[in-house]
Amino acid sequence: MKNADNQTIGIYYTDFFPRKGKRAGAWMTSYRDGSLVEGEHKIPQISIVCNFTKPTKTEPSLLTFNEVTTLFHEFGHALHGLLANTQYESLSGTNVYWDFVELPSQFMENYCYEPEALALFARHYQSGEVIPQSLIDKIIAAAQFMEGYQTVRQISFGLLDMAWHATDPRGVEDVDAYENQAFAGTKIYPKIDGTNMSTAFSHIFQGGYSSGYYSYKWAEVLDADAFDFFKQNGIFDPVTAKKFQHLLSSGGTVNPMELYRAFRGKEPDADALLRRAGLILQD
């Protein structure tokens with residue numbers, strides 16, 4: 001991969017389709033993180049791995065919308081690695097705080113809902129017709145469907161995760177009662193007798209989160225606010241993009257909030273996420 005000055009900044013591999021022995025899902029992998037060794041920039045070697053719909057003998061690979069957002073998501077992680085410009089590999093690319101690593105990936109997903117971006121590639125494979133605005137409106141409406149409930153549900157998981165890891169469990173005599181207390185502020189539907197989230201939600205105990213599950217929602221705040229900044233200036237605005245590039249290239253060398261303030265000019269505003277979700281009116 002080359003930059004605007006035709007300089008090689010990294011090697012980018014893709015592995016798009018399923019095959020025997022390949023695990024399911026999608027992910028970004030770093031074979032070598034960027035670094036500076038004796039004055040020489042060691043370029044990163046990055047790949048994204050997916051399991052997209054395979055082409056047939058008569059048709060190309062026709063991606064579902066979820067597959068498109070997955071591609072943009074993983075490419076955001078790849079950009080984080082490819083644009084790395086740090087001395088140490090351990091602080092390069094995606095080697096950042098847990099609640100910061102999903103900013104670039106989730107940020108890139110926003111382009112999948114923008115007519116200006118979709119016009120670059122979302123065309124009928126036979127007629128060449130650009131995806132119509134009516135379909136884009138339906139995609140946005142589908143993304144906002146039950147978003148209020150999903151938002152509260154995600155917050156409830158984060159609160160439960162923090163509740164368990166912020167207390168000495170030896171003092172909890174009734175798991176069900178403790179869980180109900182943690183969920184009290186986000187409860188919408190009555191609980192079904194005999195169910196218990198704490199014993200079923202493996203993320204909070206064996207998933208490595210340990211009071212960090214909130215990071216999913218916080219990363220959404222960051223990506224929504226960051227993309228809101230782009231929309232104010234133009235989603236392909238080069239000046240804004242240059243600021244975002246600096247944020248990505250810095251990796252873990254600077255505190256994330258300092259990097260974000262340098263990019264945005266202020267701290268993130270959660271209202272951007274609420275507007276995107278359709279929970280408050282657009283300005």
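I looked up Gly10 and found it in the segment before strand 1 (11-15); strands (E, at least two residues) and helices (H or I, at least four) are DSSP runs, numbered from the N terminus. The model is predicted, so local features need pLDDT of at least 70 and side-chain atom pairs count only at pLDDT 80 or more, while totals for chains, interfaces and linings use all residues. Residues are numbered from 1 along each chain as its sequence is written, and side-chain values use heavy atoms, with hydrogens and water left out.

**Gly10.** I noted that Gly10 is buried, with a relative accessible area of 1%. Buried means under 20% relative accessible area, exposed over 50%, and partly exposed in between (1.4 Å probe, protein chains only). Leaving aside neighbours within four places in sequence, Gly10 is in contact (heavy atoms within 4.5 Å) with Met1, Ile43, Pro44 and Leu82. I also checked Ala182, 172 residues from Gly10 along the chain; their C-alpha atoms are separated by 46 Å.

**Arg264.** Next I looked at Arg264, which is found in helix 10. Is Arg264 buried or exposed? Arg264 is buried, with a relative accessible area of 9%. Its side chain makes a polar contact with the side chain of Asp225 (3.1 Å). A polar contact is a pair of N or O atoms within 3.5 Å; within protein, one must be able to donate a hydrogen and the other to accept it, and residues adjacent in sequence count only if both atoms are side-chain atoms. Beyond four places in sequence, Arg264 is in contact with Asp225, Asp228, Phe229 and Gln232.

**Cores.** I then turned to the largest nonpolar core, which has 26 residues. Such a core is a set of buried Ala, Val, Leu, Ile, Met, Phe, Trp, Tyr and Cys residues joined through side-chain atoms within 4.5 Å. Those with the most contacts inside the largest core are Leu103, Phe107, Tyr111, Leu247 and Phe263. Helix 8 gives the most to this core, with five residues. Not counting residues up to four places away, Leu247 touches Phe100, Leu103, Leu259, Tyr260 and Phe263. A second, separate core of twelve residues includes Leu160, Trp164, Phe183 and Ile204.

**Pocket.** Last, I looked up the largest pocket. A pocket is an open set of points on a 1 Å grid over the protein atoms alone, where a 1.4 Å probe fits, with protein on both sides within 12 Å along at least five of seven lines; lining residues have an atom within 4 Å of a point. The largest pocket is lined by 23 residues, with Asn110, Tyr113, Ala143, Leu273 and Arg276 nearest its centre. Helix 8 supplies the largest share of this lining, seven residues.
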